[in-house]
Amino acid sequence: TMAIGATRVYVKPEGKLTVDSYLKALKAGKSFVSNGPQLLFSVEGNEVGEVILSNKRKADWEITVHSPVAYQKVEIFVNGEVVWTGKSKGGNSETYGGTLTIPKGGWVTARVTGGQSEWPVMDSYVFAESSPIWFKEIGSTTPKAKIAAANKLLEALDNSEQLLKAGYGDNPIPNLMEHFSMAREKLLSIGREEQK
């Protein structure tokens, strides 16, 4: 088990914690990834993994960060573009709030970065990012956002595959490689479909 301070995913299951409730919440995006800071993010009362169905043009948001070490900034991304940046106020527990413009569709996430890496963080810099909160429906809805997301995931997939191969060496791993192949084809098909 990786130590606290290593990069890991934190998940909020519903009800009693079981393997099934954990995996269900993980698949639903009720999570954030972090190497230290706890990141709580909501928009219009919706938490990560949920869908904003409001017809309003503006949405109220709130971010609460609890961090064992100092961090530098907090950002909000809508469909991959930074729409708000705030600096650390110098404390370990801080809350931010504001409004953002609701797009026709897509997603919004929050991110914490920067600061000197020190115990208990076991990484080169402080980092946390929420899973998306969706607008209207789950999934990227604009061609530009879909293609950008697919390309970023392809890059991450390529890096992960290289690490996998290095870790397993000459040992055969056909099932794992098949999963990578299926994921790559799905991501490439998104680009092909959106460029038609």
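**Questions on a predicted model**

Me: Which residues in helix α2 are buried?
Reply: In this predicted model, the buried residues of α2 are A145, A150, L154, L157, E161 and L164.

Me: What makes them count as buried?
Reply: Buried means a relative accessible area under 20%. A145, A150, L154, L157, E161 and L164 are buried, so each of them falls under that cut-off.

Me: How do you know that the span of α2 agrees with its number of residues?
Reply: Helix α2 covers residues 143–168, which is 26 residues.

Me: What follows α2?
Reply: G169 comes after the helix, and its phi is positive, near 60°.

Me: Why is S181 called partly exposed?
Reply: Partly exposed lies between the 20% limit for buried and the 50% limit for exposed. S181 has 39% relative accessibility, so it counts as partly exposed. S181 belongs to helix α3, residues 174–194.

Me: What makes T7 partly exposed?
Reply: T7 has 35% relative accessibility, so it too counts as partly exposed. T7 sits in the segment before β1, which covers 8–11. From T7 to V33 the C-alpha distance is 6.9 Å, and the two are 26 residues apart in sequence.

Me: How many helices and strands does the protein chain have?
Reply: There are three helices and 12 strands.

Me: Why is the protein chain called as compact as a globular protein of that length?
Reply: The globule rule gives 16 Å for 196 residues, and the radius of gyration is 18 Å, which is close, so the description applies.

Me: What share of the residues is buried?
Reply: Buried residues make up 36% of the 196 residues.

Me: What share of the contacts with a separation of 6 or more joins residues 24 or more positions apart?
Reply: Such residues account for 63% of those contacts.

Key: Residues numbered from 1 in each chain as written. Predicted model: local features only at pLDDT ≥ 70, side-chain atom pairs only at ≥ 80, totals over all residues. Heavy atoms only, no water. Helix = DSSP H or I, 4+ residues; strand = E, 2+ residues; numbered from the N terminus. Rg over C-alpha atoms; globule rule 2.2 N^0.38 Å. Buried < 20%, exposed > 50% of the residue type's maximum accessible area, 1.4 Å probe, protein only. Contact = heavy atoms within 4.5 Å. Expected span 1.5 Å × (residues − 1).
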